Amino acid sequence: MAAPKPITRLISHVILDLDGTLLNTDCVVSQLLKPFLVKNGKKWDSKKAHKLVGKTPYESAAVVLEDYGLPYSTEEFLSMLTPMFNEQWCNIKALPGANRLIKHLKSNGVPTALASNSPKSNIEAKISCHQGWKESFSAIVGGDEVEKGKPSPDIFLKAAKRMNTNPPNCLVIEDSLPGVMAGKAAGMHVIAVPSVPKRTAEFSSADEVINSLLDVKPEKWGLPPFSDWIDDTLPIEPWFIGGPVIKGFGRGSKVLGIPTANLPAENFSEILLEHTSGVYFGWAGLSTRGIYKMVMSIGWNPYFDNTEKTIEPWLLHNFGEDFYGEELRLVIVGYIRPEANFPSLESLIERIHEDARIAEKALDLPVYAKYKDSQYLRNSLKDDSSATGNQSVVDSK
């Protein structure tokens, strides 16, 4: 991710975008459009999804109609889709780090506004489903309150005015290119959190580009720092996945010397949409062997330029044999870093081993160690009396 450009003064106010930045709206959009397109003899193309990011509802509707050649006017299309979207507002989940960021800004007295291209009534309906959000914002500005939406700076300028501050005092956090352009046009500092994968290069005009809200470092902007990192790890709300171990790309052992226990990504498509790419860690249970420490990556692995988002856990134990087909359960409890590219294979391997050392040490901390006794893991064991694995990082795998 791009390092922040130096700032000449401290930031005092923050302005957040909503859809794609705080809320995983894209997931709901695809869920609703897929069956609608099927009824009209068309098939959803995820590669076209980026065209909808950062646009007003009207602009997005026009893009869909053109891309798929649907026989409706924009008004007709919106009249059919809008009621369906309205029913789904409370099903839109917060993106990783959203709740944490909002609570942090509020608890530290940082005035924060919400500025979105969506109509204000839609914004208020969406955030009403998330406890504590509405009262956390000093101002809320919708696309229907200004003459021009993003990439025009109007929304951000109005948000700054409602907070009684000047644009240079504001830090904007945005997921879309139109949003970044709007923030810069308003004379504000901008952090880009691209919601469309593998398009980071398009956000060069932003002052900083990060992988997810988990990677926001407020202190870089003169704001109060987070205090929840522990030994280079961030505790997260645990999540649970499991399935049979399958053969992966064949590069773990052969190329990296690091055998990963791959899970079928197609079984976790919804989970992969919910969780940002990056390096995580936690506990792994193998049905016939025991429970082990593990570190894992989620994402596209930029060095190998994957075309699909994958889950690649590394169990920190030397098994000495393959265990394809065995039931593997994972409890993911912490976050280490964003996904990154590396200049060489050697630097990638070095970083992976560093991730393993961080995870190995952190999992002994009480905040993480308690999940070793999770019933989710214990229930996967065929013999409940089986001993847990002897966890150790073995470099000669």
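This is a predicted model: local features need pLDDT of at least 70, side-chain atom pairs count only at pLDDT 80 or more; totals for chains, interfaces and linings use all residues.
**Entry 1: aromatic pairs.** I took W239 and Y280 to begin with; their rings stand edge-to-face, with 6.0 Å from centre to centre and 85 degrees between the planes. I then looked up where the two residues lie. W239 belongs to strand β7 (residues 234-244) and Y280 to strand β8 (residues 278-286), so this pair ties together parts that are 41 residues apart in sequence. I checked burial for each partner. W239 has a relative accessible area of 8%, and because the cut-off for buried is under 20%, I record W239 as buried. Y280 is also recorded as buried, at 2% relative accessibility.

**Entry 2: a pair between strand and helix.** I turned to F281 and Y368, an edge-to-face pair with a centre-to-centre distance of 4.8 Å and an angle of 80 degrees between the planes. F281 is a residue of strand β8, whereas Y368 is in helix α11 (residues 366-369); the pair therefore ties together parts that are 87 residues apart in sequence. I note F281 as buried, with 0% relative accessibility. Y368 counts as buried as well, at 1%.

**Entry 3: charges over rings.** I looked for charged side chains placed over aromatic faces. R100 has its charged end over the ring of F226, at 3.6 Å from the ring centre. For K126, I found a position over the face of W89, with 4.6 Å to the centre of the ring.

**Entry 4: helix α10.** I compared the length of helix α10 (residues 345-362) with expectation. Its 18 residues, at 1.5 Å a residue, should span 26 Å, and I find the end C-alpha atoms 26 Å apart, so the two values agree. I also listed the buried residues of α10; among them are S347, L348, I352, H353, D355 and A356. Further along, I358, A359, E360 and A362 are buried too.

Entry 5: I located L52 in the loop between α1 (25-39) and α2 (57-68). Is L52 buried or exposed? I record L52 as buried, with a relative accessible area of 16%. I then listed the contacts of L52, leaving aside neighbours within four places in sequence: they are V29, L33, W44, S60, V63 and V64. Finally, I noted a C-alpha separation of 9.6 Å between L52 and A62, which stand 10 residues apart along the chain.

Notes. Residues are numbered from 1 along each chain as its sequence is written. Side-chain values use heavy atoms; hydrogens and water are left out. Rings of Phe, Tyr and Trp (its six-membered ring) pair if their centres lie within 6.5 Å; planes under 30 degrees apart count as stacked, over 60 as edge-to-face and the rest as tilted. Helices (H or I, at least four residues) and strands (E, at least two) are DSSP runs, numbered from the N terminus. Buried means under 20% relative accessible area, exposed over 50%, partly exposed in between (1.4 Å probe, protein chains only). A charge sits over a ring if NZ of Lys or CZ of Arg is within 6 Å of the ring centre and within 35 degrees of the ring normal. The expected span of a helix is 1.5 Å times one less than its number of residues. Contact means heavy atoms within 4.5 Å.
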